[in-house]
Amino acid sequence: MYIKLKLKVKTMSTNTAQDDIFQVLDKLIESGKYDQVAKELESIAPFPAHMNCNDSKINTPITEEMRAVMVNQVKDKMSEIIDILKICQKDENLTSTPARIATMWVQEWMTGRYDEKPRIQTFPNKYRHPQVLVKKCKLQSLCSHHFAPFFTIPADADSYCIVGYKPDEELLGISKISRLVDWYARRPQLQEQIATMIHKDISDTLKIQDVFVYIKNATHTCESTRGAEDESASTTSLVCSGIFDNPETLALYLR
């Protein structure tokens with residue numbers, strides 16, 4: 001005796017981010033809209049990476065078609081740079097390098113600049129929970145000095161980003177904090193600025209002062225692979241306010 005099972009097999013796409021964006025690019029070229037989209041993209045004024053600039057605007061959401069044009073433009077410029085460096089692009093390992101770098105910058109490392117800010121859902125603090133809520137998460141960003149990555153190391157128990165707050169009338173969805181951290185991180189900037197921006201956003205959203213953002217032992221490849229070439233170096237930053245200005249209170253949540 002046997003039972004025959006009918007299974008639905010979901011076909012998984014094998015496309016990479018690079019494949020997807022260049023498919024959009026191909027459609028733009030085929031439709032004759034490339035130049036039009038390029039002009040729309042050109043009309044967007046450059047905007048700062050962080051809030052320390054006079055203009056506090058830190059992102060401009062752009063369409064998928066604009067991203068495709070941007071990737072193509074970066075690809076062409078990167079190809080020129082490789083030529084200037086006297087590196088032969090006929091090498092089979094370099095033929096797609098300009099496209100890979102362009103896709104990595106636009107579609108991965110700098111997505112916070114071009115994506116809409118994630119929706120930060122709040123909930124009424126119905127039962128008036130008095131405890132401090134703490135969220136530990138990973139962080140990956142890009143140094144604005146060298147465009148070299150810096151990040152917390154998931155495998156290292158002593159390397160992380162912690163966001164904590166004492167709620168008043170509203171609570172944040174726990175997954176939303178991770179999304180907010182990632183969105184602010186995905187742009188070229190300094191580590192101190194990430195912590196400041198996240199702190200300000202949560203404080204403004206919940207209308208509270210009791211907030212801290214702690215980025216502990218982030219590894220900066222601009223320091224570990226160049227310059228000082230110190231592979232053991234790490235950087236920690238902290239922004240706190242309200243009850244967390246008290247060192248003893250803060251220490252309870254940074255253990």
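Residues count as buried under 20% relative accessible area, as exposed over 50%, and as partly exposed in between. The model is predicted.

**Exercise 1.** Classify Phe147 by its relative accessibility.

*Solution.* The relative accessibility of Phe147 is 33%. This value falls in the range between the two cut-offs, under 20% for buried and over 50% for exposed. Phe147 therefore counts as partly exposed.

**Exercise 2.** Determine the geometry of the ring pair Trp105 and Phe147, and state which parts of the chain the pair ties together.

*Solution.* Ring centres must lie within 6.5 Å to pair, and planes over 60 degrees apart count as edge-to-face. By this rule there are five aromatic pairs. For Trp105 and Phe147, the centres are 5.7 Å apart and the planes stand at 85°, so the pair is edge-to-face. Trp105 belongs to helix H4 (residues 97-109), while Phe147 lies in the loop between strand E3 (140-143) and strand E4 (149-151), so the pair ties together parts 42 residues apart in sequence. Ring pairs also link Phe212, Phe244 and Tyr253 into a cluster.

**Exercise 3.** Identify the residues of the negative surface patch and the elements that give two or more residues to the patch.

*Solution.* The patch of negative charge gathers Asp19, Asp20, Glu40, Glu64 and Glu65. Two or more residues come from helix H1 (17-31) and from helix H3 (64-84). Glu64 has its place in helix H3.

**Exercise 4.** Describe the nonpolar surface patch that includes Ile81.

*Solution.* Ile81, Leu85 and Ile87 make a nonpolar patch of about 260 Å². Ile81 is located in helix H3. With a relative accessible area of 38%, Ile81 is partly exposed.

Definitions and conventions:
Residues numbered from 1 in each chain as written. Predicted model: local features only at pLDDT ≥ 70, side-chain atom pairs only at ≥ 80, totals over all residues. Heavy atoms only, no water. Patch = residues over 30% accessible without salt bridge, like charges linked within 9 Å, V, L, I, M, F, W, Y side chains within 5 Å. Areas by Shrake-Rupley, 256 points an atom, 1.4 Å probe, with all protein chains shown as cover. Salt bridge = Lys/Arg side-chain N within 4 Å of Asp/Glu carboxyl O. Lys, Arg positive; Asp, Glu negative; His and termini not counted. Charge placed at Lys NZ, Arg CZ, Asp CG, Glu CD. Helix = DSSP H or I, 4+ residues; strand = E, 2+ residues; numbered from the N terminus. Phe/Tyr/Trp six-rings, centres within 6.5 Å; stacked < 30°, edge-to-face > 60°. Buried < 20%, exposed > 50% of the residue type's maximum accessible area, 1.4 Å probe, protein only.
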